[in-house]
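Student: I would like to go through the labels used for this model and see what each one rests on. Please set each value against its definition.

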Amino acid sequence: MSPVIPPTPRAHARPALLSIVCPAFNEEASIAALFSAVHRVLSGNGQPFEVVFVNDGSGDSTLAAMREVRARHPNTTIVDLSRNFGKEIAMTAGLDHARGDAVVIIDADLQHPPETIPAMLEGWREGHEVVYGRRRNRSADGWLRRRTTRLFYGFLRRFGDVAIPEDAGDFRLLSRKAVDAVIALREHHRFMKGVFVWVGFSTKAVWFDVAPRAEGASSFNFWRLWNFSLEGITSHTLAPLKASTYVGLVVASFSFLYGAYIIAKTMLLGDPVPGFPTLVTVVLFLGGVQLIVLGVIGEYLGRIFVETKQRPLYFTNEVEKAE
């Protein structure tokens, strides 16, 4: 294994401009509070910044709340997507329109504390291209969610093409080099936690405590988390396809051996053919295995189908740029 080369500290004390990218879906009650918190933290440090709000097809007054902030603070960009494209695409849209030498991605619900940003900037000054926030604890999540999350990230680390930190989310700082690398990847089925790691570069973790939501409740239910997990698995590993092959080989081998046993037993002992229940059980088992394998293949095939269309990742109603 080649030795790890430490990053070279940057000569600049701080980025000339720091972009704060904030995707939002139905977060009207949190927009002003988030901007105030970011403004308080960064203005206290003398850090020039802009905020890039992305309205991901909200059905409430989120866009109006963004415009109220922009009316008071011209250093605000609003990217109004034409519909709800999902958080992964919304983050990409924000990165596309961020102008800063460094970019911080943060949630609108204030569960990502802006007070952590100075520690991220310290990592940037040390020369790291990616500084990601890492949760100290997940006590707010239920036992089942914590357990399934641990299994999910353990699976990706073991079988995926990149090792994704278990307690790292989307809250992170990216240098301009890292941002350019991320936005160069234009696949539609995006699992951004994997994309951030896949591009490589020097990284550093900054621990933070997850704050309570400012308003409302999370829109992520178990079904959406399940689909999100499928995106992560199919985007960064071929393990399910390989497992399907191995399962098919094992089942075929046992079926061949069992068939040989039945033939030999009938020829040598003259026993009758096994009864109907055994036959039905075997047929249903093999049919179930085939359907599972076809489902796995279908997941990958569906993603190939979407990518071959080469559609744009998103459309915007309007982009109101920072002054």
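Tutor: A salt bridge is a side-chain nitrogen of Lys or Arg within 4 Å of a carboxyl oxygen of Asp or Glu. This is a predicted model, in which local features need pLDDT of at least 70 and side-chain atom pairs count only at pLDDT 80 or more, while totals for chains, interfaces and linings use all residues. Residues are numbered from 1 along each chain as its sequence is written, and side-chain values use heavy atoms, with hydrogens and water left out.

Student: What makes glutamate 320 and arginine 67 a salt bridge?

Tutor: Their closest N and O atoms are 2.8 Å apart, and the cut-off is 4 Å, so the pair qualifies. Glutamate 320 belongs to strand β8 and arginine 67 to helix α2, so the bridge ties together parts 253 residues apart in sequence. Helices (H or I, at least four residues) and strands (E, at least two) are DSSP runs, numbered from the N terminus.

Student: Which residues are linked with Arg67 in a network of salt bridges?

Tutor: The network links Arg67 with Glu318 and Glu320. The side chains of glutamate 318 and arginine 67 meet at 3.2 Å, N to O. That pair also joins distant parts of the chain, β8 and α2, 251 residues apart. The structure holds 10 salt bridges.

Student: Why is glutamate 320 called buried, and what is glutamate 318 called?

Tutor: Buried means under 20% relative accessible area, exposed over 50%, and partly exposed in between (1.4 Å probe, protein chains only). Glutamate 320 has 15% relative accessibility, so it counts as buried. Glutamate 318, at 39%, counts as partly exposed. Arginine 67 is also partly exposed, with a relative accessible area of 34%.

Student: How do you know that the buried residues of α2 line one face of the helix?

Tutor: The buried residues of α2 (residues 62-72) are Thr62, Leu63, Ala65, Met66, Val69 and Arg70. Seen down the axis of α2, they fall within an arc of 160°, so they line one face. The arc is that of the directions from the helix axis to the C-beta atoms. The face turned away from the buried side carries the exposed residues Glu68, Ala71 and Arg72.

Student: What covers the buried residues of α2?

Tutor: The cover includes β1 (18-24), α1 (31-44), β2 (49-55), β3 (76-81) and β8 (316-320). Contact means heavy atoms within 4.5 Å. Phenylalanine 35, found in helix α1, is in contact with Val69, among other residues, leaving aside neighbours within four places in sequence. At 3% relative accessibility, phenylalanine 35 counts as buried.
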